[in-house]
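Good morning, and thank you for the time on the agenda.

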Amino acid sequence: MFRHRGKVGEAQQEQGAYTCSGCGQVLFRAKYKFEVGSGFPSFWQQVGESVVHCSLDTYGRHRVQLLCSRCRQHLGHLFEDSRTPTGVRYCINATAINLDPEQPS
Ligand SMILES: [Zn+2]
């Protein structure tokens with residue numbers, strides 16, 4: 001009796017782009033966002049060279065850390081994900097990005 005509208009797991013369609021909360025650089029288009037149910041905003045593609053990938057090998061675990069190319073703020077981590085067109089998933093901290101509806105989407 002709940003969830004009459006929309007499909008479960010389908011992201012709400014947003015306009016614009018996500019910018020770095022530290023410096024305002026555009027990092028991800030809103031249309032690159034998708035829902036994985038992790039609680040973190042997830043994207044399957046970045047904008048240009050805006051996101052730097054930094055390999056981490058800590059405690060025997062390989063992870064790819066994501067940093068803003070301009071201000072070097074920590075954004076989140078990159079994971080392999082067979083469901084996306086790029087084969088990867090950008091798992092981003094909500095506090096590291098802001099939605100700017102004025103940006104081209
Ligand atoms: Zn930044």
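**Strand pairing in the sheet**

Let me begin with a pair of residues: Leu67 stands opposite His74, which belongs to β7. Please bear in mind throughout that this model is predicted.

The strands on either side of that pair are β6 and β7, the latter covering residues 74-80, and they pair in the antiparallel sense over four bridges. Together β6 and β7 make a hairpin with five residues between them. In that turn, Arg72 has a positive phi of about 65 degrees.

Strand β5 spans residues 51-58 and strand β6 spans residues 61-68; the two run antiparallel and are joined by eight bridges. Within this pairing, Val51 stands opposite Cys68 of β6. The hairpin of β5 and β6 has two residues between the strands, and Tyr59 there takes a positive phi near 55 degrees.

Finally, I turn to β4 and β8. Strand β4 consists of residues 42-43 and strand β8 of residues 88-92; they run antiparallel, with two bridges joining them. Here Phe43 stands opposite Tyr90, a residue of β8.

That concludes the presentation, and I would welcome discussion.

Technical notes:
Residues are numbered from 1 along each chain as its sequence is written. This is a predicted model: local features need pLDDT of at least 70, side-chain atom pairs count only at pLDDT 80 or more; totals for chains, interfaces and linings use all residues. Two strands pair if DSSP finds at least two bridges between them.
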